[in-house]
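Biologist: Please take a close look at the side-chain and helix packing in this model, and walk me through it with the cut-offs spelled out.

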Amino acid sequence: MGASEATVVASAPGKCILFGEHAVVYGQPAVAVAIEQRLTVSLAPAPSWSVDGSALNAAKHPHIVHLRNRFLGEDASPMAVHIQGDIPRASGLGSSASLSAAIGAAMAHLRKADAPMTNDELSEAAHAAEAAAQLGRASPMDTSTSVEGGVVVLSDQREEVGEWAYSRTLTTPEGERRWEVHRIDPPGDDVYLVLGNTGVHAPTSKQVAMVAQALASNPERMREIQAIGTVARRGLAALVSGDYEAVGHAMSENHLLLRGLGVSSDALEELIQAALPTSLGVKLTGGGGGGCMVALTRHPKHTSEAIELAGGRTLVSKLGNEGVRLELH
Ligand code: PMV
């Protein structure tokens, strides 16, 4: 077999959370969409394992080593891995999950070229790789969205919306966790997401710990978490019916609740204020404290310019992008 025949290329999208971050940690529903920006990986036979020219290293590339050991085995013939794409790293847009999804799809194909993996198996493998790389703590939101594409809803119960896809479980240091994963297929419209990156790195684990601390010192504040769940369900219903004005309202309402919870930041607030006049709704997305905000808009160019003028770096994406796919094999 020639080298070109043995090269496998796969890609997977990043994600952005439209509703429910932080509250999802306490069982409320969260809604994530696959964005246009993707990571593409290629695997080609080589004399030794490498990633973009450096030797494969379990500390530096835990997801790749985990998926290699699972799909191909530690003694598999070595491959050179190349990664390219336009998802900024460590900004809450799911770059590591899209890497896991794309590498997983490519390796699963190499192992069993004539029996492609189901999305369920692939999202389970990518989630396990994320969890292994993050001390046993990872919600399946990023990996499921990257594998499925479109719009994904995660909750601790089956929601009366869209199509239930599968359950995900994980043994974490805090005990057994279980999530129900659903797909929804909102009607198309001329709306866009503009993502504004503050460029400030705030680790999600720190933000999650801060919310846990706030709830421990004042259990009454669980009402704020429940309120986020209520808004997320309202936003979800609006999304399913294609009422994007109502989706935008729910996003802005969700942001006010997140701000009240203490997970926004001055830099995020500046970008959000800048985007508001041209948007249907605006909120922080992901862990907060830095990272990205997201605006839902019919005027992506204007919204993007306003965010850039306020100092943010922007990405524009339509809604409902394709999930993981093999590009070349
Ligand atoms: O920062 P991101 O995009 O990884 O999102 C974190 C979402 C949280 O709800 C804050 C945490 C979680 O594990 O769900």
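Modeller: Arg158 lies over the face of Trp164, at 3.5 Å from the ring centre, where a charge counts as over a ring if NZ of Lys or CZ of Arg is within 6 Å of the ring centre and within 35 degrees of the ring normal. The model is predicted, so that local features need pLDDT of at least 70 and side-chain atom pairs pLDDT 80 or more, while totals for chains, interfaces and linings use all residues. Residues are numbered from 1 along each chain as its sequence is written, and side-chain values use heavy atoms, without hydrogens or water. Arg68 also has its charged end over a ring, that of Trp49, 5.2 Å from the centre.

Turning to the helices (DSSP runs of H or I, at least four residues, numbered from the N terminus), H3 (residues 95–111) and H4 (residues 119–133) have axes that come within 9 Å and cross at roughly 130°, the axes being lines fitted to C-alpha atoms over the stretch in contact, with angles from 0 to 180 degrees between N-to-C directions. Ser96, Ala97, Ser100, Ala101, Gly104 and Ala105 of H3 meet Leu122, Ala126, Ala129 and Glu130 of H4, contact meaning heavy atoms within 4.5 Å. Further along, the axes of H9 (residues 266–275) and H10 (residues 300–309) come within 8 Å and cross at roughly 145°, with Leu271, Ala274 and Ala275 of H9 touching Thr303, Ala306 and Ile307 of H10.

Key: Helix = DSSP H or I, 4+ residues; strand = E, 2+ residues; numbered from the N terminus.
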